[in-house]
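Subject: Structure handover

Hello,

Here is the structure I promised you. Please open it and keep it beside this message as you read.

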Amino acid sequence: MIGTDLVRRNENLLQVVRSYYQLTKPRIIPLLLITTAASMWMASKGEVDSFKLFITLLGGTLAAASAQVMNCIYDRDIDYEMLRTRTRPIPSGRVQSSHALIFAVVLGVMSFSLFLAYINLLSGLLAMSGIVFYMLVYTHFLKRNTPQNIVIGGAAGSIPPLVGWAAVTGDLSWAPWILFAIIFLWTPPHFWALALMIKDDYAQVNVPMMPVIEGEESTVRQIWWYTLLVIPCTLLLVYPVGASGWLYGAIAILLGAIFIKKTWLLKQNPFDKDMAKSLFKFSILYLMLLCTAMVVDSLPLTREVFMVIINFVS
Ligand code: HEM
Ligand SMILES: CC(C)=CCC/C(C)=C/CC/C(C)=C/COP(=O)(O)OP(=O)(O)O
């Protein structure tokens with residue numbers, strides 16, 4: 001009897017932990033961290049301090065989680081209406097909004113304290129500005145009011161590399177702002193490709209996402225222009241900024257070519273949901289690989305191998 005009670009209590013505890021974990025929309029956080037880490041590697045020219053890296057990624061995780069929990073509280077009404085989001089912890093009644101709010105505040109305070117105690121004030125303030133921007137500017141002011149919501153709101157998701165750079169150097173220079181611009185320009189193709197697939201969900205709850213307001217053809221045309229802008233932006237890190245080398249440059253061109261091809265195919269078939277899905281998935285892989293290229297390019301070993309090849313050829 002006592003054994004059964006214990007098992008049931010453990011199961012309940014596990015359910016609660018799982019619900020709070022889901023509130024943080026955990027699947028998005030790793031890519032935010034990858035952009036932070038890439039920025040840190042670049043800022044430290046491949047020799048990043050592992051303790052600083054660990055604390056910054058932990059602080060970044062806590063800040064992003066706090067922002068997402070607040071978004072879940074604010075959007076609980078529309079999340080309840082949409083099929084995709086109905087099973088989230090708040091609309092499904094597994095977590096009360098007041099408890100979620102305490103959780104979000106605790107996560108935010110822990111994040112800021114970590115940055116303040118172990119890194120620096122600037123990176124802490126930048127992380128907090130990410131929470132405020134995502135909540136206030138994107139979720140409150142823009143999401144339900146304009147089809148430009150994710151263009152301007154995308155700035156929140158572009159802040160993590162600023163946090164990473166500030167954590168290493170204590171300030172911001174051109175390179176982190178280029179990283180910010182890359183993610184800013186990447187966000188519309190990333191999100192609108194997804195929005196093309198789930199347009200009806202957003203229409204049902206009157207969220208004015210671009211495909212709902214302007215239709216598929218206009219959305220895809222805009223995806224096309226943003227994609228064309230991202231690629232030259234990625235190359236600014238090589239020239240004139242000089243924060244990355246030619247290995248990164250070559251990979252950025254290759255990835256950019258695939259990105260353009262996928263967007264072009266969608267432009268020819270704006271109603272094809274499979275092509276939209278393929279572009280959405282690729283957008284994630286694109287940013288992941290671009291960041292990996294930044295890290296590999298920054299490593300001292302890469303520079304040494306490059307010098308050996310140059311000497312061999314000349
Ligand atoms: C305003 C900007 C953005 C909006 C509105 C947005 C929206 C979304 C939505 C609605 C999903 C589907 C999630 C789900 O079904 O639960 C998604 C997936 C995803 N997003 Fe974004 N996103 C934005 C920016 C970003 C940024 C900046 C990153 C990272 C750098 C990112 C990374 C991801 C990833 C990795 C997934 C896939 C998650 C999975 O495995 O299902 N997103 N995004
Ligand atoms: C530095 C820092 C803390 C930055 C925070 C950045 C952050 C949390 C970005 C997330 C962007 C995102 C995935 C939005 C989802 O949109 P949505 O909420 O409209 O999606 P939904 O339709 O699934 O609810």
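Below is what was found, from the whole chain down to the ligands.

First, some ground rules. This is a predicted model, in which local features need pLDDT of at least 70, side-chain atom pairs count only at pLDDT 80 or more, and totals for chains, interfaces and linings use all residues. Residues are numbered from 1 along each chain as its sequence is written, while chains are lettered from A and ligands numbered from 1 in the order in which they are written.

The whole chain

The protein chain has 14 helices and zero strands. Both kinds of element are DSSP runs, numbered from the N terminus: helices are H or I with at least four residues, strands are E with at least two. The radius of gyration, taken over C-alpha atoms, is compared with a globule rule of 2.2 Å times the number of residues to the power 0.38. The protein chain comes out at 21 Å, close to the 20 Å that the rule gives for 314 residues, so it is as compact as a globular protein of that length. Its C-alpha atoms fill a box of roughly 75 × 50 × 40 Å along the principal axes.

Buried residues make up 42% of the 314. Buried means that 20 or more other C-beta atoms lie within 10 Å of the residue's own; exposed means 12 or fewer, and partly exposed is in between, with C-beta atoms placed from the backbone. Two residues are in contact if their C-beta atoms, placed from the backbone, lie within 7 Å. Of the contacts with a separation of 6 or more, 72% join residues 24 or more positions apart.

Two domains

The chain is divided into domain 1 (13-170) and domain 2 (172-302). These bounds come from an automatic or database domain assignment. The C-alpha centres of the two domains lie 21 Å apart. Their contact takes 30 residues from domain 1 and 31 residues from domain 2. On the domain 1 side, α2 (29-43), α4 (76-81), α7 and α8 each give two or more residues.

The core

A nonpolar core is a set of buried Ala, Val, Leu, Ile, Met, Phe, Trp, Tyr and Cys residues joined through C-beta atoms within 7 Å. The largest one has 85 residues, and Val69, Ala100, Ala195, Leu290 and Met294 have the most contacts inside it. Helix α9 (residues 174-197) gives the most, with 14 residues. Leaving out residues up to four places away in sequence, Met294 touches Ala38, Trp41, Met42, Ser244 and Tyr248.

The ligands

A residue is near a ligand if its C-beta atom, placed from the backbone, lies within 6 Å of it.

Where does ligand 1 lie? Both domains give residues to its shell, so it lies between them. It is surrounded by 18 residues, the closest being Arg27, Ile28, Leu31, Ile150 and Gly157. Helix α9 gives the most to the shell around ligand 1, with five residues.

Ligand 2 also has 18 residues around it; Ala63, Ala67, Gly130, Gly157 and Ile159 come nearest. The elements giving two or more residues to this shell are α3 (50-74), α6 (121-142), α7 (149-157) and α8 (160-169). α3 gives the most, with five.

Best wishes
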